[in-house]
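Hi,

Here is the structure we talked about. Please open it first, then read on for what turned up.

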Amino acid sequence: MDTFLSEEIRAVREAVSNFAQKEILPFVEIWDSKHQYPSGAIKKMGLLGYLGAIIPEEFGGTNMGFLAQSVIAEEISRASGSLRVVFNCQTAGVSLPIARYGTSKQKEKYIPALVTGEKTGAFAITEPNSGSDVMAMKTRATLDGETFVLNGTKTWISNATIADVAVVYAYTEPDKKAKGMSVFIVDMDRQGITTKEIPKMGLYSAPTGEIVFEDVKLPKESLLGNAGEGVKMLFSSLNQTRLMAAAGAVGIAQACLDAAVKYCNERSQFGQTIGNFQMNQEQIAVAATEIEAARLLVYRAADQKDGGYVNNGRETSMAKYFACETASRVAEVALKILSAYGYSTEYPVARLYRDAKAVQIVEGTSNIQKMIIALDVLGIRKAGR
Ligand code: GRA
């Protein structure tokens, strides 16, 4: 299946898969049932370089590229959908924008500790009344002398309650609309920041929460990139985090297929293993084909980014849309095939099913991805900028 991947990336897959077998799979159900964030496993991933494939070597990354990072995210997610979230929070949504737009001081201060997993990152875009309609955000950062004063509420933020640092999107000059948004690197121990966990249906080992900023004073050096260029940075960052979500979705889908195949070959009814029944075969065939197609879309988008076309919006949205829908479809197949055992929380499929629903929503819902694709295909609004 991997014949067109380089030998180096195939070796990465094998190493990550071995790591997941040893360090994640034996514990994943315990972490999930306890809603535990496995910081130890994440630090191990950091030490092995898994959080830095798209980060330059001078800041502790391996600079292997988006294809490598996608394969890593896929294999980790195959073991735990929750742990896929770190690829967005540490890597694509936090370290990468700092690496691309930060000053050398910001890069040195934040990136190495995020890459090793010593520090935890979050990025804060969504608000209670600004989800799909991202431009409607209300968070404001007002310049007062040498200090920005940040006010607003962000919600559904992965790692909100445990992050050391957050990349926060806010309007600095709201009258200028799209030209008035800016981005800040916020140390989460600043005065005026409170967080609260949000209970949710799945991804139990990945804490999600609300962040309230109340008159939070930020020195001017907290600004990431240039003031007023936040929208460009926002869409560019989403374009990278969406790929990680898509890669994670392929991993969840593959884990569902693995469980369904295993069960088909083990379970006997009417005197034969249930993989001999055509209704199950049809579901397995469609699921396996869709996973392969989703994987190729992810790898193609990743390969384009590695070739320099980083803001490949159309192809990234296609990968995000198809992979995330595939994860839910295949989770449904696995649930049907395992039936009562699929519904049992003692088997992994129930967890995978719950986690699969999340990737359809995060990083822009499937409908938002379809909108981006359609407007690009119709020539109404270019996705790749
Ligand atoms: O022309 P202008 O100066 O007015 O600027 C507009 C446009 O040129 C402005 O944004 C600019 N723009 C872009 N700039 C650079 C638009 N797209 C791009 C781009 N790709 N690059 C507004 O543009 P517009 O066309 O009027 O935008 P819109 O119609 O308001 O919205 C577009 C769209 C629907 C695509 C957007 O709102 C969107 O992407 N919404 C989804 C938001 C989203 O994905 N949120 C996810 C938050 S993060 C998250 O979920 C974390 C989860 C963590 C995890 O677990 O993984």
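Which of the 25 residues around the ligand come nearest? They are Asn-88, Ser-132, Arg-242, Glu-363 and Arg-381. Keep in mind that this is a predicted model.

Ligand site

The ligand sits in the largest pocket. For Arg-242, a polar side-chain atom lies at 2.8 Å from a ligand oxygen. Gly-364 takes part through its backbone, with a polar atom 3.0 Å from an oxygen of the ligand. On its own, the ligand has 1,100 Å² of accessible area, and the protein covers 76% of this.

The shell around the ligand draws on several helices. Helix H5 (81-101), helix H7 (230-266) and helix H12 (366-377) each supply at least two residues. H7 gives the most, with four. By residue class, the shell holds 13 nonpolar, six polar and six charged residues.

Backbone

Two non-glycine residues deserve a look at phi. His-35 has a positive phi of about 55° and is not a glycine. Look for His-35 in the loop between helix H2 (28-34) and helix H3 (39-47).

Trp-156 is in a strand, E3 (residues 147-158).

Best wishes

Note on methods. Residues numbered from 1 in each chain as written. Predicted model: local features only at pLDDT ≥ 70, side-chain atom pairs only at ≥ 80, totals over all residues. Heavy atoms only, no water. Near = heavy atom within 4 Å. Polar contact = N/O pair within 3.5 Å; in protein donor to acceptor, adjacent residues only side chain to side chain. Areas by Shrake-Rupley, 256 points an atom, 1.4 Å probe, with all protein chains shown as cover. 1 Å grid on protein atoms, 1.4 Å probe; cavity = no way out; pocket = protein on both sides within 12 Å on 5 of 7 lines; lining within 4 Å. Sits in = over half its atoms within 2 Å of the grid points. Nonpolar A, V, L, I, M, F, W, Y, C, P; charged D, E, K, R; others polar.
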